[in-house]
Amino acid sequence: MNILELFKRKPITQFPPADSYFDLFDRFGNPFVDSDFERRYIVSSSHQIADGRWIEIKHHKFITGEIHDVFVDMNDGGLIPILNEYDGAYVVRSIRGSSYPSLHSWGLAIDFDASKYELGSTARLPHQLVECWRKNGFFYGGDFRHRKDPMHFEYSTGAI
Ligand SMILES: [Zn+2]
């Protein structure tokens, strides 16, 4: 392989989808107490949603490539017009109604169309759109075993 081919390669997935809290605490520390977490790991990237609107997503720097690929796949599938609103990614907080940390705390979760796909509801984002996320390592909150969170995608195996 010559050097030019190297530049054309996809960004390397820098870590596999999270499988446990231990995994996250070991790798990245505790965003609730570590005042340096955001500076070390959080970046933002710009993406287009419905009506050509641009959004700025704050997320973990190690999933920059994955998020980029999801948006490319959604665009290729003509699915961008479905994405009406962006409702946040990185925010240090517990899972609503629980004391467990949300994956949003590590910048590994993203919410869309919260007003239409409410927590605990039976609404689901279109299958084709969910597939774009799954293909790139994200677990859909609509598939959570217990309380469904159909606005939510997270870079995990779903085991957390
Ligand atoms: Zn969420």
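His 47 stands opposite Ile 55 of strand E2. The pairing that holds this couple joins strand E1 (residues 42-48) to strand E2 (residues 54-60) in the antiparallel sense, over seven bridges; two strands count as paired if DSSP finds at least two bridges between them. Five residues lie between the strands of this hairpin, and Asp 51 has a positive phi near 60°.

The model is a predicted one, in which local features need pLDDT of at least 70 and side-chain atom pairs count only at pLDDT 80 or more, while totals for chains, interfaces and linings use all residues. Residue numbers start from 1 along each chain as its sequence is written.

The protein has five helices and five strands, where helices (H or I, at least four residues) and strands (E, at least two) are DSSP runs numbered from the N terminus. Along the sequence they follow the pattern α-α-α-β-β-α-β-α-β-β.

Another group of strands forms an open sheet of three, in the order E3-E5-E4 and with antiparallel pairing. Its edge strands are E3 (109-111) and E4 (139-140), each of which pairs on one side only. E4 and strand E5 (residues 152-154) run antiparallel and are joined by two bridges. Phe 139 has Glu 154 in E5 as its bridge partner.

Leu 108 sits in the loop between helix H4 (64-76) and E3. Is this residue buried or exposed? Leu 108 is buried because 27 other C-beta atoms lie within 10 Å; the cut-offs are 20 or more other C-beta atoms within 10 Å for buried, 12 or fewer for exposed, and partly exposed in between, with C-beta atoms placed from the backbone. Contact here requires C-beta atoms, placed from the backbone, to lie within 7 Å. Between Leu 108 and Val 91 the C-alpha to C-alpha distance is 9.7 Å, at 17 residues apart in sequence.

For the protein as a whole, buried residues make up 31% of the 160 residues. Of the contacts with a separation of 6 or more, 59% are between residues 24 or more positions apart. The C-alpha trace spans about 50 × 35 × 25 Å along its principal axes.

Definitions and conventions: Contact = placed C-beta atoms within 7 Å.
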